[in-house]
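Trainee: Could you walk me through this one with me? I'd like to start with the sheet.

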Amino acid sequence: MKPTNQTNSWTTVAASFVLSILFIYILTRRKRGSAISHCASKILPSPFQLPIIGHLYLLNGNPFAVMTNLSKKYGDIYRLQLGTVKTVVVSSMRLIRKVLIEQGADFGDRPDFMRYNILFSNDRGNSLAFCDWSRVQKTRRALARRFCHTGIYEDKISAAIGRSEVQLLNALQQDQENFGCAAKRLKLNVQKACASIFFDFFCSEIIEDWEGDQDFLQTVQKFDEIFWEINQSHPTDVLPGLAPIFRSHLNQVAGMGKFIRDLVVRRIIEPHMERLDKDNLEDFVDILLAHLEEAEPESMLTMDQVLYELEDFLGGHSAVSNLVGRAIVEIATVTGLSKTIYKQHFEVGNKDYILAVIYETLRKTSSPIVPHVASADAYLDGYLIQKGTMVIINNYELNTSSEYWNDPHIFIPERFLTETGKFCKPSHFIPFSNGRRACMGYQLVEKVAADLILGIIKNFDITPTQKPNILPQSCVAIHPDEQLRVNLVPRDS
Ligand code: HEM
């Protein structure tokens, strides 16, 4: 559930229509009451008196900020009826820990949104990130866990980053010569760098020619569109009956998924199947394909599961490139920060400083956690949460409140460093979540983002433009049409 800044008039009209229906629906539900509340030993509070403007903000502003305000009145756990979806919002670290860890087995499923199904061949169960918890999911996570360990595959990931960084710096220098501005196509160049690292690392597919490889360029663009899409809420998530009105958007979503899928099959899967040597598994694709014929039925993967697991991980590059983009925008806004990063890393030798910059970017973004869903009826803090209830883990206050951080609106990487300069993260800050559905890519994020930002800063000073980007909070994604408005000043000039 993320804010959408860039709506056209059609979507505004449609959204107003949807909200009116939603509001009427909420009122009707109120009269009927809720199954949760009358079964529960304690009655879950619910903001029934919320004026319609509140619901408007919930969908169009920063929903996490709105839900935080509601928690001031209704407490750290309360329920919302979002269209047809029963929802519970939890806000305190104590309850978030219960949902993610202590009672993780009860809250390990994902919402059944129409768009998730459409993206994954009409079955979100194909996706590692949007499926419900299952034995297959355990297998899929186990297969990926080892590969995402940058320590185990240190050489492979370092080689992939090294190759890509050379191309990135060439592209920036080329733009400096051609346009007098190295930042002219910075976002696209960072996206291409991240994508080529991920293709190289996971699939041993080295992209030699960024500009001439049309498949590659289109894939980068489609993944970015998908990343934006899944980071937004959509009326059909909670009111699937509205699908006919949004048919063209839903078809577009299906088209994005299909494009990526066709490319992954043609360019990655088919060549890998032809050369697969089970005694010498070369990369992540080989590991997944070897599992197609695994003897144990519970841990055997279907071709769709293999395909989408691979896509989930390849798509991770969009998360990294958007994060790097955000970090660069933040660095530009703090006077002298680019020089400080250079000094700390390349002169003082403090390798943790850049990590602090990355975590401060995640904090300031207030990077959200994907909603969970109750996989069984379960009691949470004395309230009965029915099976199928969506649980929104609202980390907004934990990330942005002055109760937890000094000057929370200011970008201060040092808050993640001890007095001796060592990286240190408070336990209430969990941008990659925790427990059985926790992010599998955080080590890759740290390594790839750090190396790319340092590669840029080694060669360029990052300074602000007169019109800096204003990026939405509680959403890592940057709109696909938004460019990074910063200057890159060559260090030797
Ligand atoms: C900016 C970077 C990223 C952030 C902030 C981030 C954060 C998250 C969060 C909050 C979740 C949900 C955890 C939960 O529901 O409890 C998640 C899930 C996941 N992430 Fe990331 N992530 C990032 C990048 C990546 C990358 C690069 C990869 C892969 C290479 C990746 C792989 C996954 C997977 C596979 C899941 C689903 C796990 C499951 O549902 O079992 N993530 N991530």
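Mentor: Strand 3 and strand 6 (residues 390–393) pair in the antiparallel sense over 2 bridges, where pairing needs at least two DSSP bridges between the strands, and strands are DSSP E runs of at least two residues, numbered from the N terminus. This is a predicted model, in which local features need pLDDT of at least 70 and side-chain atom pairs count only at pLDDT 80 or more, while totals for chains, interfaces and linings use all residues. Residues are numbered from 1 along each chain as its sequence is written.

Trainee: Which residue in strand 6 is the bridge partner of His372?

Mentor: That is Val391.

Trainee: And what order do the strands of the sheet take?

Mentor: The open sheet has 4 strands in the order 1-2-6-3, with mixed pairing, and its edge strands, pairing on one side only, are strand 1 (77–82) and strand 3 (372–373).

Trainee: OK, switching to helices: at what angle do helix 12 and helix 14 cross?

Mentor: The axes of helix 12 (residues 247–275) and helix 14 (residues 303–333) cross at roughly 100° and come within 11 Å; axes are lines fitted to C-alpha atoms, for helices over the stretch in contact, with angles from 0 to 180 degrees between N-to-C directions. Helix 12 is therefore roughly perpendicular to helix 14, a label for angles of 65 to 115 degrees. Helices here are DSSP runs of H or I with at least four residues.

Trainee: Which residues of helix 14 meet helix 12?

Mentor: Leu307, Leu310 and Glu311 in helix 14 meet residues of helix 12 including Ile260 and Arg261, contact meaning that C-beta atoms, placed from the backbone, lie within 7 Å.

Note on methods:
Angles under 35 degrees count as roughly parallel, over 145 as roughly antiparallel, 65 to 115 as roughly perpendicular and the rest as oblique. Two residues are in contact if their C-beta atoms, placed from the backbone, lie within 7 Å.
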